[in-house]
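Below is a short report on one protein model.

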Amino acid sequence: LHSCAIVNGAAKCWGFNGSGQLGNGSNNDSPTPVQVTGLTSGVTGITAGANHSCATGGTGVLCWGDPSKATIGSAHVAGASVDAVLGGSNVPVEVEGLPGPASEISAGIGFACAISNDTAWCWGNNAKGQLGNGTYTSSDSATEVLNLGADVTRVTAGDAYACAVAGGKAYCWGDNTYGQLGDGTTTSSNVPVAVLGKGTDMALIAAGGNHTASLTETGQASGWGDNESGQLGDGTTQSSTTPVDVQGLAPTPTPTPTFTATATATATPTETATPTATATPPATATATPTGTVTPTATVTPTATPAHTIRLMPVFKQASVAGR
C-alpha cells in the first residue's frame with residue numbers, strides 16, 4: 001500500500017504510512033512523495049515491503065516502518081529511545097550484521113534480503129525458513145543465506161520466501177505452499193533449493209506474492225508457483241511446481257545466412273578440324289574428288305569442359321575417272 005523511489009540520489013516514499021513505512025518521521029499517509037529522513041543523497045537502491053521499506057547506499061542498509069524489530073533490523077538511532085527502536089521506526093535505522101555495503105536489496109512481508117560482498121543475507125521473520133540460514137528462528141540482524149557461495153548476482157523476496165541467482169543458476173527457499181520454490185515439490189525449505197529445468201544462464205529473477213518469474217540471458221521468460229489468476233503467463237490458471245515458459249514472449253531467433261552457389265560455364269573449342277584428305281590413284285589415274293566434306297559433329301557445352309573436343313569429319317566416296 002505504499003511505494004518508494006530514488007530521485008536524484010534521494011529516497012522518497014508515498015502512500016499508506018500506518019507503520020511509519022514512508023520514513024519521514026510521522027505516521028500520516030501521503031498521496032504525494034515525501035522525503036525519507038536523512039536519505040537526501042547517495043541512495044543507490046530502494047525497496048518497499050508489505051509495511052516497511054529499505055534502502056542501500058553509503059556503507060550499509062537502512063530500513064524503516066513495520067512495528068517489528070525483526071523486520072527493520074537491530075539498530076541504534078541517535079536520539080531514539082530503546083522502546084522506539086524495538087517497536088519499529090518511522091525513520092531509517094541501520095541493519096546490523098552485513099559484511100559491507102549492499103549492491104542489491106529486496107523486502108518481503110516482515111523480512112528482507114540483500115547482496116553484500118557477493119553473498120546473500122536476510123533478516124526478519126523466519127517462520128517459513130525465508131531467511132535461508134537453516135533455521136526457523138527470526139533474526140533482528142542480517143544472517144547469511146547458506147549454500148550459495150560468493151557468486152550471488154540477484155536476490156528477491158516474496159511474501160514468505162526468497163530467491164537468488166548464484167553462478168548463473170536459480171535458487172529459492174522458504175514457503176513452498178504453491179510450488180514457488182520451483183523444485184518440483186510443495187515442501188518448504190529453510191535452505192536454498194535449485195530451481196528445476198534451469199541451466200547456468202539465468203539473468204534475472206523476481207518473486208511475487210507466491211509465484212516467481214525469471215529471464216535467461218537468451219531472453220526466455222518463465223514462471224512457477226501460484227497461477228490462480230494466470231500470473232505464470234502460460235495460457236492456463238494451473239499452478240506449477242516447476243518453471244513453465246511464458247507464452248508469446250519467445251525470443252526471436254537470429255536468422256542464419258544462406259548462400260547460393262551459381263556456376264557459369266563457358267566452353268571454348270581449342271581445336272579446329274580442317275579436312276585435307278588427298279586421294280592418289282595408282283599409275284596415271286587422276287583423282288578428282290566430287291564429294292563434299294561436311295563435318296557433322298556439333299559441340300554443345302553443358303558444363304566446364306574436362307577434355308579436348310575432336311571433330312570427326314565424314315567423307316563421301318570420291319569417283320576415280322580413267323584407268
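## Val-152 and its surroundings

Leaving aside neighbours within four places in sequence, Val-152 is in contact with Ile-115, Asp-118, Thr-119, Ala-120, Ala-164, Val-165 and Ala-166. Contact here means heavy atoms within 4.5 Å. This is a predicted model: local features need pLDDT of at least 70, side-chain atom pairs count only at pLDDT 80 or more, and totals for chains, interfaces and linings use all residues. Residues are numbered from 1 along each chain as its sequence is written, and side-chain values use heavy atoms, with hydrogens and water left out.

Buried means under 20% relative accessible area, exposed over 50%, and partly exposed in between (1.4 Å probe, protein chains only). In soluble globular proteins, nonpolar side chains tend to be buried together.

## The whole chain

The protein has two helices and 23 strands. Both are DSSP runs numbered from the N terminus: helices are H or I with at least four residues, strands are E with at least two. Of the 323 residues, 41% are buried. Among contacts with a separation of 6 or more, 45% join residues 24 or more positions apart.

The protein exposes about 16,800 Å². Carbon and sulfur atoms supply 53% of that area. The areas come from the Shrake-Rupley method with a 1.4 Å probe; for residues, only the protein chains shown count as cover.

## The sheet E8 to E11

Four strands form an open sheet in the order E8-E9-E10-E11, and the pairing is antiparallel. Two strands pair if DSSP finds at least two bridges between them. Strand E8 (102-107) and strand E11 (139-144) are the edge strands, each pairing on one side only. Neighbouring strands of this sheet are turned by 20° against each other on average, direction ignored. For such angles, axes are lines fitted to C-alpha atoms (for helices over the stretch in contact), and values run from 0 to 180 degrees between N-to-C directions.

Three bridges join E10 to E11. Gly-124 stands opposite Ser-139 in E11. The loop between strand E9 (111-116) and strand E10 (119-124) holds Asn-117. Asp-118 is in that loop too. Neither is glycine, yet phi is positive in both: near 55° for Asn-117 and near 65° for Asp-118. Is Asp-118 buried or partly exposed? It counts as partly exposed because its relative accessibility is 46%.

Strand E6 (residues 60-65) is mostly covered, with five of its six residues buried. On one pairing, strand E5 (residues 52-57) and E6 run antiparallel over six bridges. Ala-55 stands opposite Leu-62 in E6. E5 and E6 form a hairpin with two residues between them. Gly-58 in the turn has a positive phi of about 70°.

E6 also pairs with strand E7 (residues 89-94), again in the antiparallel sense, over three bridges. Here Gly-65 stands opposite Ser-89 in E7.

## Two serines in strands

Ser-189 is found in strand E15 (residues 189-194). Ser-189 counts as buried because its relative accessibility is 11%. Beyond four places in sequence, Ser-189 is in contact with Lys-128, Gly-129, Trp-173, Gly-174 and Leu-181. A polar atom of its side chain lies 2.6 Å from the backbone oxygen of Val-191. A polar contact is a pair of N or O atoms within 3.5 Å; within protein, one must be able to donate a hydrogen and the other to accept it, and residues adjacent in sequence count only if both atoms are side-chain atoms.

Ser-240 lies in strand E19 (residues 240-245). Ser-240 is buried, with a relative accessible area of 12%. The side chain of Ser-240 reaches the backbone oxygen of Thr-242 at 2.5 Å. Not counting residues up to four places away in sequence, Ser-240 touches Tyr-178, Gly-179, Trp-224, Gly-225 and Leu-232. The C-alpha atoms of Ser-240 and Gly-225 are separated by 5.2 Å, and the two residues are 15 residues apart along the chain.
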